[in-house]
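Dear colleague,

Please find below the structure that I promised to hand over to you.

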Amino acid sequence: LILGAVGFVSYTGNGMADPTDEKGDNYLLGLDADVKVVADLPASGVKLSDLVTQMSRTEASAVIIVVDACRNTPSLGKATTKGLVAVAAEPNTLVAYSTDLGDIASVGVYAPVLSRELVKPGLSITQVFDAVQIEVSKQTGCKQRPWSNNRIYDVLCLAGCTINVAPTIVNQPESVEQTFWASAKVGPSLACGAATTAGLSVPRQSAHCAAVACGSRSMTATV
């Protein structure tokens with residue numbers, strides 16, 4: 001990775017906790033993995049802790065690792081376990097899991113939700129995974145509960161930290177005064193009818209128009 005880049009690794013597939021690792025670790029398995037004994041694990045997949053360590057040693061400003069990989073772990077000579085175990089995140093690294101520790105994720109739920117949230121502008125990476133956590137839990141009736149180990153201490157937005165909103169032009173309604181002067185510009189004859197000519201008699205219903213719209217001219221009108 002180049003200096004200052006953001007490293008993003010997303011794995012969807014089969015994962016298995018290493019039953020022999022007392023500190024806790026997981027293997028991300030390949031498509032053709034055929035694990036029958038513990039000795040098959042190193043040749044069948046990638047150790048999650050190794051991936052985290054190697055990515056943290058790059059010149060990336062931040063590293064995001066998404067693990068959407070859970071299944072029942074065969075006994076391999078020990079008691080059968082479910083799901084994955086927690087792996088420590090290095091500084092400036094976020095490790096996200098599609099479901100809770102020791103649990104199994106549903107197929108096809110987590111990835112679509114994550115892909116939608118990642119491209120929303122204005123969201124920090126912390127807000128993205130918070131939103132994914134809530135939405136996946138809601139869609140599965142709280143049966144699948146994603147979580148993340150976040151050690152990114154800067155504000156990081158993959159789709160931009162600001163939302164560009166087009167300005168809204170609001171047409172202000174004309175005031176009473178503006179309406180009056182607009183009508184006066186039409187001409188005295190249209191604004192007040194016959195009341196604009198001195199000495200003319202105007203109907204009673206037009207007296208108000210003559211007094212208001214034509215100013216002093218209305219004083220000569222006979223009502």
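**The disulfide**

The torsion about the S-S bond of Cys157 and Cys161 is about 100°, so the disulfide that these residues form is right-handed. Please keep in mind while reading that this is a predicted model. A disulfide, in general, is a covalent bond between the sulfur atoms of two cysteines. In this structure there is one disulfide, and the sulfur atoms of Cys157 and Cys161 that it joins lie 2.0 Å apart. How accessible are Cys157 and Cys161? Cys157 has a relative accessible area of 17%, which is under the 20% limit, and therefore Cys157 counts as buried. Cys161, with a relative accessible area of 44%, is partly exposed.

**The sheet and its helices**

Turning to the sheet, you will find that four strands make up an open sheet, in which the order is 1-5-8-9 and the pairing is mixed. At the edges are strand 1 (6-12) and strand 9 (147-150), each of which pairs on one side only. From one strand to the next, the twist averages 10°.

Within this sheet, strand 5 (residues 62-68) and strand 8 (residues 93-97) run parallel and are joined by five bridges.

**The salt bridges**

How many salt bridges does a search of the whole structure find? The search finds four, and I describe some of them here.

In one of them, Lys47 pairs with Asp21, and the closest N and O atoms are 3.8 Å apart. Because Lys47 lies in strand 4 (residues 45-47) and Asp21 in the loop between strand 2 (15-17) and strand 3 (26-29), this pair ties together parts that are 26 residues apart in sequence. Lys47 is partly exposed, at a relative accessible area of 22%, and Asp21 is also partly exposed, at 23%.

Another salt bridge is formed where the side chains of Lys36 and Asp34 meet, at 3.8 Å from N to O. Is Lys36 buried or exposed? Its relative accessibility is 61%, and since this is over 50%, Lys36 counts as exposed. Asp34, at 48% relative accessibility, counts as partly exposed.

A further salt bridge links Asp100 with Arg145, with 3.8 Å between the closest N and O atoms. Asp100 lies in the loop between strand 8 and helix 3, while Arg145 lies in the loop between helix 4 (125-139) and strand 9, so this pair ties together parts that are 45 residues apart in sequence. Asp100 has a relative accessible area of 28% and is partly exposed, and Arg145, with 44%, is partly exposed as well.

Key. Residues are numbered from 1 along each chain as its sequence is written. This is a predicted model: local features need pLDDT of at least 70, side-chain atom pairs count only at pLDDT 80 or more; totals for chains, interfaces and linings use all residues. Side-chain values use heavy atoms; hydrogens and water are left out. Two strands pair if DSSP finds at least two bridges between them. Helices (H or I, at least four residues) and strands (E, at least two) are DSSP runs, numbered from the N terminus. Axes are lines fitted to C-alpha atoms, for helices over the stretch in contact, and angles run from 0 to 180 degrees between N-to-C directions. A disulfide is a pair of cysteine sulfur atoms within 2.5 Å. Buried means under 20% relative accessible area, exposed over 50%, partly exposed in between (1.4 Å probe, protein chains only).
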